[in-house]
Amino acid sequence: MLDSAKIMTFVPTRDPKMAKGFYQGILGLHLMSEDSFAVVFDAHGIMLRVTNVREFKPNPFTILGWEVPDIGKATADLRERGVSFERYDGMKQDSIGIWTASDGAKIAWFKDPDGNVLSITEFA
């Protein structure tokens with residue numbers, strides 16, 4: 001039944017104003033709407049609801065990611081916009097923070113203002 005339904009995604013925020021600035025201003029997503037429940041974006045045809053919550057503890061793993069055609073260009077663009085990339089112990093990341101998986105995929109992680117881990121991936 002759901003195999004033909006369009007998926008949507010949710011990300012929690014304690015500060016919707018700051019989240020709006022990040023997802024719209026830094027990441028460049030198109031704002032669809034905002035109300036007391038969420039700030040809603042169009043992420044290339046997928047609805048991203050940045051949902052207002054009172055409390056949450058950010059998880060240490062990726063909750064949202066994007067596939068990009070050129071991770072070098074994407075990381076450079078994001079760095080120009082003030083995004084810094086995460087470094088993880090035990091992972092061989094390059095000077096920017098890009099890790100290359102055994103299958104050749106290249107991945108870089110960064111956080112939103114609430115500490116949610118986001119990623120960009122260039123598949124081999």
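Which residue's side chain has a polar atom 2.7 Å from the backbone nitrogen of Tyr88? Keep that in mind as you start the tour.

This is a predicted model, where local features need pLDDT of at least 70, side-chain atom pairs count only at pLDDT 80 or more, and totals for chains, interfaces and linings use all residues. Residues are numbered from 1 along each chain as its sequence is written, and side-chain values use heavy atoms, with hydrogens and water left out.

**Stop one: Gln93.** Select Gln93, whose side chain holds that polar atom, 2.7 Å from the Tyr88 nitrogen. You will find Gln93 in the loop between α2 and β6 (99–100). With 12% relative accessibility, Gln93 counts as buried (under 20% relative accessible area, 1.4 Å probe, protein chains only). Its contacts, leaving out residues up to four places away in sequence, include Trp99 and Trp109 (contact means heavy atoms within 4.5 Å).

**Stop two: the sheet.** Now show the four strands of the open sheet, ordered β5-β8-β7-β6 with mixed pairing (strands pair if DSSP finds at least two bridges between them; a strand is a DSSP E run of at least two residues, a helix an H or I run of at least four). β5 (62–67) and β6 stand at the edges, each with a single partner strand, so one side of each has no neighbour in the sheet. β7 and β8 run antiparallel, joined by six bridges.

**Stop three: Tyr23.** Finally, select Tyr23. Beyond its neighbours within four places in sequence, Tyr23 is in contact with residues including Val11, Phe41, Leu48 and Leu118.

Methods. Buried < 20%, exposed > 50% of the residue type's maximum accessible area, 1.4 Å probe, protein only. Polar contact = N/O pair within 3.5 Å; in protein donor to acceptor, adjacent residues only side chain to side chain.
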